[in-house]
Amino acid sequence: MKILICGDVVGKAGRRVVCDALPTLRRELDLDFIVVNGENAAGGFGITPKICDQFFDVGADVITTGNHAWDQKDIIPHFDREKRLLRPHNYPEGTPGTGAAIFPDHQGRKVLVLHFMGRLFMPSLDDPFAGVEMALLNRHLGSDIAAIILDFHGEATSEKLAIAHMLDGRISAVVGTHTHVPTADAQVLPGGTGYISDIGMCGDYNSVIGMKKEASIERFRKKLPGPRLEAAEGEATLCAGFIE
């Protein structure tokens, strides 16, 4: 099975590169399953139902999100309507949508996609370690499930590594998102689980993590409320994790 997970899509530039590249990548890499993290796809802040449809139309099987999941208000009810759209599973009970669901790949095999958010330097949510254990109850890789993928949306590499080692040998891969900076630590852990701390973003890298440089620099220098951050619109790069 060949799986592609695209890093956080940032703004119009990120949407453009993903929509242009996914059909070609599916053909050239013979992909069976594609996950896109779309939490910054709407101008850098959240995602809309229309953008979800664009990603599904070009081949995405599942869309994950993160701490910006709720930025666009029209997406909130969409999490209950569109089962292929996931939010971090460790939001409190009663939050729209889910972050743990099974989907068929293009050959009909079952893929369990888990989506959790870290708590270190992030919003305070339910314990992701306990949440993952609950989500994996009665789910066994290689028996009823052909692949199990975790999109772990977090700031700290230590937290990402800790949950990966906890799950080593039990799931197919732990892929980190959120920082928009690709890390150089892609590896297969001793138990056979694939891991990378962050797969980066799909967006304009001539920027500050996908946003226009000038406003970001001014905010850091003056420490005062500055101009609104806007997604950079130059040529974008698609960053993703490829798992076989």
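Before the helix pair, a definition: axes are lines fitted to C-alpha atoms, for helices over the stretch in contact, and angles run from 0 to 180 degrees between N-to-C directions. Helices (H or I, at least four residues) and strands (E, at least two) are DSSP runs, numbered from the N terminus. This is a predicted model, where local features need pLDDT of at least 70 and side-chain atom pairs count only at pLDDT 80 or more, while totals for chains, interfaces and linings use all residues. Residues are numbered from 1 along each chain as its sequence is written, and side-chain values use heavy atoms, with hydrogens and water left out.

The axes of α1 and α2 come within 9 Å and cross at roughly 25°. That makes α1 roughly parallel to α2 (angles under 35 degrees count as such). In contact, meaning heavy atoms within 4.5 Å, R15, V18 and C19 of α1 meet I51, Q54 and F55 of α2.

Which residues of α2 are buried? In this helix, residues 49-57, they are P49, I51, C52, F55 and F56; buried means under 20% relative accessible area, exposed over 50%, with a 1.4 Å probe and protein chains only. They cover an arc of only 160° around the axis, taken from the directions to the C-beta atoms, which puts them on the same side of α2. On the other side, K50 and D57 are exposed. Just after α2, G59 has a positive phi of about 125°.

Now the sheet. It is open, with 6 strands in the order β5-β6-β7-β8-β10-β9 and mixed pairing; two strands pair if DSSP finds at least two bridges between them. Strands β7 and β8 run parallel, joined by 5 bridges.

Notes. Parallel < 35°, antiparallel > 145°, perpendicular 65-115°, else oblique.
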